[in-house]
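Thanks, everyone. I have one model to walk through today. Please take a moment with it on the screen.

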Amino acid sequence: MLPNPIFIGTTLFVLGACIGSFLNVVIWRLAYLGQPVTFGGKTAGLSMSWPPSHCPNCHTAIPWYLNIPVLAWLWLRGRCATCHEKIPVRYLLVELATGLSFAGLYLAYFHSGWSQPLGLGGTKFPHIIAAVFSVGAGHQRFHGIFDGGITLALDLILIAVLFAASGIDADWYEIPTALTHLLLAAALLASLFGLQPGLPAVNPAGIGGRMALGGTAGLLVSLGLLWSGVLPRSFSQVVPAAPDTDTTENYAHGPRRTIAPMPGPKKTWPSVVGALLILLMVAAGWLWASGPSAALIMLIAAMLLFLLGVLPRSNEAADETQQVLEESAAPSARREIVKELLFLVPPAALAAVAAFIPLSLPHAVWLQRALGVLLGMLFGGALIWLTRILGTLAFNQVAMGLGDVHLMAAIGAVVGTRLILPIFFMAPLLGLLWAIVLKFMGKRNVLPYGPWLSMAAILSLLIGWPIEHWYLLKIFAASAAPVANPMHWPGTP
Ligand SMILES: [Zn+2]
């Protein structure tokens, strides 16, 4: 028995909009946490809850009813009630995007007839299109709140964290590890709830389970060696302070506080028109497309709203960012990146050794899940880290941030190893599409990579399995025995 889709969908939209409102605060404040701030005659360190939300221009505190997500911005028509200073349209767009993505994912999982398209025969490309849009969809993806509730909850946390990380990465060229660790903790916590459809699990006695254990042990060894100073830290020289600040920063973490955050687009009306068009697309989807396509369109619309609110910046701001990035570029990236290779030796070695040692681990359900989480974390992190190292060795220029490594590790922990390659290949394609959009808007493109990994990860929740199934068929076409349905563990309907 499923509850009323409109009631739950609306509830999740409202919940998502409230969380989006909080994400705006996270994006704005996380990089400044602890900095002394004076407000209302009191000076203290900035926290998520202090000072209370107020207009940065006239410092008037904002009463709760003018803080209601989406509605307050529309009611005030994007201006402060007291001094009429513009409130960035980003606030509205991030709230809308989070609400829409929450409702969209719920409808996709429980009410759209989104089928699990495994078992489609053939190896031809059109099959993936059929699979993605679930033409002739049969059964629901999940069958009830006990079948998919934990998966939905964890995936909603994933979306919220990815939105926050993308927003901060867009503003600061940095992804706080507080966010990625939170995601990792949530993924491990969810493994206590037993097997869940769509969430990773591996056989503890199999090679994957053993490598997860060995790799994690090696990771802990490396971290211990790093903290005790045996392993050198890469990019640890301190760069001279930028002219307008007196903070010195470790440039491995990006030129923090030297790039002024750009709270989204400057002009409001083009974004509002864009948002209306995107919402029309959602309405058209529900009116004319099939259930699964409508749910997919809803999720894509949410991502477009988010990108519209967070990513565009003025050409002057882009130039400034480019300049700061160039000034803070490491002079000897190749030599520095070799230090990171050292860090990777213990995990790789222990994972390889463990692969050959027959272990008799208990077949407990929580262990299957926890090892699946760890294996996803290791695979996701390693893939981006190796890309970073190889890219840096090739071009003597830092290719990808360590923040991206943390981010992909956390994503891998939630979605598992099998969705990592689809995400890895989708991310640059999405980045390229956005670059083309920016070209049409006549804007410069200086963007970090985190948002693209994030958007690919969100998209993979719906289309990752068909893509993964398609390339598995491509690669192993000859031996394409029916793949066990990863969405439904034995015992679930
Ligand atoms: Zn004001």
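Ground rules first. This is a predicted model: local features need pLDDT of at least 70, side-chain atom pairs count only at pLDDT 80 or more, and totals for chains, interfaces and linings use all residues. Residues are numbered from 1 along each chain as its sequence is written, and side-chain values use heavy atoms, with hydrogens and water left out.

Start with the zinc ion. Which protein atoms are its donors? They are the SG atoms of Cys55, Cys58, Cys80 and Cys83, at 2.2 to 2.3 Å. A donor here is an N, O or S atom within 2.8 Å of the metal (3.2 Å for Na, K and Ca); water is not among the atoms, so sites may look incomplete. The angles between the 4 donor atoms run from 106 to 114°, which makes the arrangement tetrahedral. For four donors, that label needs all angles between 85 and 135 degrees. Along the chain the spacing reads C-x2-C-x21-C-x2-C. Cys58 sits in the loop between β2 and α2, and Cys83 in the loop between α2 and α3, 25 residues apart. Helices here are DSSP runs of H or I, at least four residues, and strands are runs of E, at least two, numbered from the N terminus.

Next, helix α8, residues 269–288. Its 20 residues should span 28 Å at 1.5 Å a residue, and the end C-alpha atoms are 28 Å apart, which agrees. The expected span is 1.5 Å times one less than the number of residues. Buried on α8 are Ser271, Gly274, Ala275, Ile278, Val282 and Gly285. They cover an arc of only 100° around the axis, so they share the same side of α8. That arc uses directions from the helix axis to the C-beta atoms. Buried means under 20% relative accessible area, exposed over 50%, partly exposed in between (1.4 Å probe, protein chains only). The face turned away carries exposed residues, including Trp269, Leu280 and Trp288.

Now α9, residues 291–310. Of its 20 residues, 16 are buried.

Last, the aromatics. Rings of Phe, Tyr and Trp (its six-membered ring) pair if their centres lie within 6.5 Å; planes under 30 degrees apart count as stacked, over 60 as edge-to-face and the rest as tilted. The count is 6 aromatic pairs. Phe163 and Phe306 have centres 4.2 Å apart and planes at 5°, so they are stacked. Phe163 is in α5 and Phe306 in α9, so the pair ties together parts 143 residues apart in sequence.

Definitions and conventions: Four donors count as tetrahedral if all angles lie between 85 and 135 degrees; four count as square planar and six as octahedral if opposite donors are over 155 degrees apart and all others between 65 and 115; anything else is irregular.
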